[in-house]
Amino acid sequence: VALVRATPSPSQNISEKLSESIEHAKEVCSGDAVSGECVAAWDEVEEMSAAASDARLKEKESDPLETYCKDNPETKECRTYED
Amino acid sequence: MASCTVYTTHSLSSSGTISKTSIGFLHQSPLRPENQIIFCKRTTKRPNSLSTITCSVPEYPKTVVIGLAADSGCGKSTFMRRLTSVFGGDAAPPKGGNPDSNTLISDTTTVICLDDYHSLDRNGRKVKGVTALDPRANDFDLMYTQVKALKEGKAVEKPIYNHVSGLLDPPELIQPPKILVIEGLHPMYDERVRELLDFSIYLDISNEVKFAWKIQRDMAERGHSLESIKASIEARKPDFDAYIDPQKQYADAVIEVLPTQLIPDDNEGKILRVKLVMKEGVKYFSPVYLFDEGSTISWIPCGRKLTCSYPGIKFFYGPDAYFSNEVSILEMDGQFDRLDELIYVESHLSNLSTKFYGEVTQQMLKHVDFPGSNNGTGLFQTIVGLKIRDLYEQIVASRAGATLETAKV
């Protein structure tokens, strides 16, 4: 079965990078758990996790109608009048 | 251009004659050494009531600087959204700039993320074996220079640390705002930067809660497991304890988030005990109190007037010492189920710096979807936001007063 994927969303991209950096951190720390290298690797994981969660939140928050109305404020479904 | 207004009252004169005033005079600003000229336009509304002189003063430093310190993933962004909401208007990234910019701009407030002052990018830190928490990975000279320039009313070209790529992107132009918030890991680390802050806040999340929050945030991610989340927290802890945690002694307000005491052995991190530690004697900042200022009070609002579901709500208020500073502590344990509980609580708190009855509740209601809206984190963040608005208004008023004084001489 061939899997055809659409262009990955930004959050998917970051997620992939994140799982790579987790693997990397585990690898680096298997030798020495207190080395600067190991600590820096886990710090990178934390930074990527934060970026991934931000990206996920952004995607979740975006309302399809709101997004459409930003570009097309003159359409019937988007018009709002102050009074 | 800022404008100031001078009112002159004509005392008891029934004739309503108005003496002539000069249309321009020299003005020595206390904040800038050079002389400035104020141009005045005089308008008389009614013959013998008030005459108004409107003066335009060349813009002088008016930026109030607020520092917010917290570890990553500890709710800084939620706090920021609550704060900008108190001032009104939406906060958004700079228009047309770098899509990965960390800056948020609203009408009154500009929020800068201090990660932008990383001196080493992600790869640089990896090579040197240091974390982002390490002062060696940050450029405090540049941080000081730029925050100082913004406070003095000058625009700066601030670098951008791209959290997605881990690289330092080309700088963006930041205009001096009315209120500048610098948020990140080290707003109070460098003494020079600390001196520039008009108010400082530290978000202190206990290890148990931090762990629970990070599980909620990260467990859905592929590759992340309990072990990897734990390992990441453990690895960063020595640097956190050495460089970040000590900053809380300088904070004017600390929000501590702890596991609840209402449920024995709770480690879900869903129900929280939140403490608001407020320093006494800070200019333009008067701590909030419950019932009676300076007493020690334990209060359970649930009873005949208020029904609460399990495990209920418990408040505490009292004076205390914090890093040899005199402080007032307001504590809330538990969570709200319904809105009427919050208005009931708000009506018993004093010194909230609200502009009308129920403003705290209204602010909380605006953002029911934000994390922490049903517990002490949201409540205390909102209160601190109102306190900052009050502080800002007092500082601006006192500066206007000072200008008026010098203008009279």
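This is a predicted model: local features need pLDDT of at least 70, side-chain atom pairs count only at pLDDT 80 or more; totals for chains, interfaces and linings use all residues.
Between chain B and chain A there are 10 residue pairs in polar contact, both residues of each pair being at pLDDT 80 or more, where a polar contact is a pair of N or O atoms within 3.5 Å, within protein one of them able to donate a hydrogen and the other to accept it, and where residues adjacent in sequence count only if both atoms are side-chain atoms. Residues are numbered from 1 along each chain as its sequence is written, chains are lettered from A and ligands numbered from 1 in the order in which they are written, and side-chain values use heavy atoms, with hydrogens and water left out.

Staying with the two chains, the elements that give two or more residues to the side of chain B that touches chain A are α2 (122-128), α5 (207-218) and α6 (226-244) of chain B, helices here being DSSP runs of H or I with at least four residues and strands runs of E with at least two, numbered from the N terminus. Of these, α6(B) provides the largest share, five residues. By class, that side of chain B divides into seven nonpolar, nine polar and 10 charged residues, with Ala, Val, Leu, Ile, Met, Phe, Trp, Tyr, Cys and Pro counted as nonpolar, Asp, Glu, Lys and Arg as charged, and the others, Gly among them, as polar.

How many salt bridges are there between chain B and chain A? The count is six, a salt bridge being a side-chain nitrogen of Lys or Arg within 4 Å of a carboxyl oxygen of Asp or Glu. E46(A) forms one with R217(B), and the closest N and O atoms of that pair are 3.2 Å apart.

In terms of contact, meaning heavy atoms within 4.5 Å, the interface takes 26 residues from chain B and 27 residues from chain A. The buried area, which is the accessible area (1.4 Å probe) that two parts lose on being put together, summed over both, is about 2300 Å² for this pair of chains, with carbon and sulfur atoms giving 52% of it. On the chain B side, K126(B), R217(B) and E221(B) lose the most area to chain A, together 24% of what that side buries, and R217(B) is also the salt-bridge partner of E46(A) that I mentioned.

One residue deserves a separate word here, namely T131(B), which lies in the loop between α2 and α3 (140-151) of chain B. T131(B) counts as buried because its relative accessible area is 1%, given that buried means under 20%, exposed over 50%, and partly exposed in between (1.4 Å probe, protein chains only). Not counting residues up to four places away in sequence, T131(B) touches V39(A), A40(A) and D43(A) in chain A, as well as R125(B), A137(B) and D239(B). The side chains of T131(B) and D239(B) are joined by a polar contact of 2.6 Å.

Let me turn to the chains themselves. Chain A has three helices and zero strands, and 37% of its 83 residues are buried. Chain B has nine helices and 18 strands, and 51% of its 409 residues count as buried. Residues 24 or more positions apart account for 43% of the contacts with a separation of 6 or more in chain A, and for 65% in chain B.

Within chain B, an automatic or database domain assignment, which is where the bounds come from, gives domain 1 (61-203) and domain 2 (252-395). Their centres, taken over C-alpha atoms, are separated by 27 Å, and the contact takes 19 residues from domain 1 and 24 residues from domain 2. Together the two domains bury about 2100 Å², 68% of it on carbon and sulfur atoms; in domain 1, R82(B), V86(B) and F199(B) lose the most area to domain 2, together 36% of what that side buries.

Across this domain interface the rule finds zero salt bridges, whereas nine residue pairs are in polar contact, both residues at pLDDT 80 or more. The elements giving two or more residues to the domain 1 side are β5 (64-69), α1 (76-87) and β11 (199-205) of chain B, and α1(B) gives the most, with eight residues. That side divides into 11 nonpolar, four polar and four charged residues.
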